[in-house]
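Have the sequence and the 3D view ready before you read on.

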Amino acid sequence: MPVSGSISSSGAFPEPSIAQILLRCAKRLGKNGGIMNSRFFVWTALLGCLFLSEALGAVPASHARPNIVIFITDDQDQQDSAVYSGRAVRTPNMQRLAEDGLTFSHAFVASPSCAPSRAALLTGLMPARNGAEANHSRPRPELKKLPAYLQELGYEVAAFGKVAHYNHGKEYGFDRAEFERFHDHRGIAAAVEFLAERKGSAKPLCLFMGTHWPHRPWPESAGPYDPEAVDVPANLVDTPVTRSFRARYYHAVTKADDYLGVIREAAAQHLGSNTLFVLTSDHGAQWPFGKWNLYDAGIRVPLVAAWPGVIKPGARVSAMVSWVDILPTLVEVAGGTAPTTGLGAGEIDGRSFLPVLLGGKAEHRGRIFSTHSGDQKMNVYPIRSVRTDRWKYIWNLHPEFQHTTHVDRAQAEDEVGYWRSWERAAAAGDPKAAAAIQRYRQRPAEELYDLAADPLELRNLAQEAGQAERRSALRKELEAWMETQGDQRTVFNEPILLDQEAKK
């Protein structure tokens, strides 16, 4: 039975899809029995399901219950890889993964510090709702975590290295959680050994592998990098010391990439081709406007996924996704039904982006909300933000506080050396250094950025008359969202006021 349509290059009509056939049947039933015909409703329901399947994509039956590997780097700016920018950072394994899969250009974390970010990933809930708002905190123990969802679907769920925050893994319910301590790199070899030992297991596996690179402290040497040749973004101050530290940071990124290659090779050898492999990072790097900040350098992260036979190789997508979306996505990948999204009791904030992974959709979220509350005494500076595909609104809840972090308050010269070089440059009359220090430490209540024209978020438009309506609308939207979250705007430690001397 031919179906009307365009003629193929061979001159024949194309093979009709099941959905097209059902559409014709539904039309006939509708004519014969009218809208109340029960058969019409049955066929129409089937038609709707199949149309949805064809439009959004569905996991092929041959790839049901895949193994899953999630590789997490620690403190990596999205732009610091060959996949995302022209910066000369050696990330060949990340590049190969991107060539084999899908690269997300607009992936964001819920919070730009370690514990809150990872808690959001593993609960599908934003920080105010899961209870892990300040760094080093834990989500509420009664919450259902990602391992439990997957275990119910028959998965073994293991974590090696820094997946949850330090030594929090057992509390999240992993079947196995090892080598979580600060810069304990034994997890890589342990994960490879684990994969080899369980080859042939009847259970599918979800393996989380967290490297501690490129978290500080960075390697003592610059490795293969020449400080004179590294990129210094325009929001940083270009001093010889900055370049030296930048080269060491790049070396740390490459170390993370080396580990990525080791784990991917082991996964291919022991898990087979029906494996979803995902690379991402918990937030941006420890630079003055990265980690602990809601600028894109703090919250926009790499996200690359490969799944042979399912995800189209070499693809890129600009759909905006959040780390809270990973939990429901993995549940659907594992064959379950994504937990209900929403803000009621028992519901989660995340929304599955499986249709984006499968190539059926190119959009996901219209807004990205992010929060930051603080990092013990080093950083007491609560911030909230809302981001569209073009605009970013940041609300600094307490502009009377000094903004400080490990960047400027740490004790070791190895950690603050380049910041001290900025201070010396400012004291010597360098206006750019003075402006960067001022912008870092003292912030206005409101910030508004046109990300299309100003991707580094250097020009605050919040007080420009022509932006008053947009600023007000985004502020109201952010406040309304905070209300639904039950955000108490808590200050978790004693702040340093602008007129106070910062204590070491």
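## Counting the holes

How many cavities of 30 Å³ or more does a search of the whole structure find? The search turns up three. Keep in mind that this is a predicted model.

## The largest cavity

Start with the largest one, which has a volume of about 60 Å³. Its lining is made up of Ile70, Leu276, Val278, Leu303, Ala305, Ile326, Thr329, Leu330, Phe353 and Leu357. The elements that give two or more residues to this lining are the strands β6 (275–281) and β7 (300–306), plus the helix α10 (326–333). Of these, α10 gives the most, with three residues.

What sort of residues are they: nonpolar, polar or charged? Nine of the lining residues are nonpolar and one is polar, while no charged residue takes part.

## The second largest cavity

Next up is the second largest cavity, with about 50 Å³ of space. Around it you'll find Phe71, Thr73, Gln76, Thr91, Met94, Val253, Ala256, Asp257, Leu260 and Leu279. Here, β1 (67–73) and α8 (240–271) are the elements that give two or more residues to the lining.

Which element supplies the largest share of this lining? That's α8, with four residues.

Notes:
Residues are numbered from 1 along each chain as its sequence is written. This is a predicted model: local features need pLDDT of at least 70, side-chain atom pairs count only at pLDDT 80 or more; totals for chains, interfaces and linings use all residues. Side-chain values use heavy atoms; hydrogens and water are left out. On a 1 Å grid over the protein atoms alone, a cavity is a set of points where a 1.4 Å probe fits but cannot get out, and a pocket is an open set with protein on both sides within 12 Å along at least five of seven lines; lining residues have an atom within 4 Å of a point. Grid points are joined across faces, edges and corners, and a volume is the space filled by probe spheres set on the points. Ala, Val, Leu, Ile, Met, Phe, Trp, Tyr, Cys and Pro count as nonpolar, Asp, Glu, Lys and Arg as charged, and the others, Gly among them, as polar.
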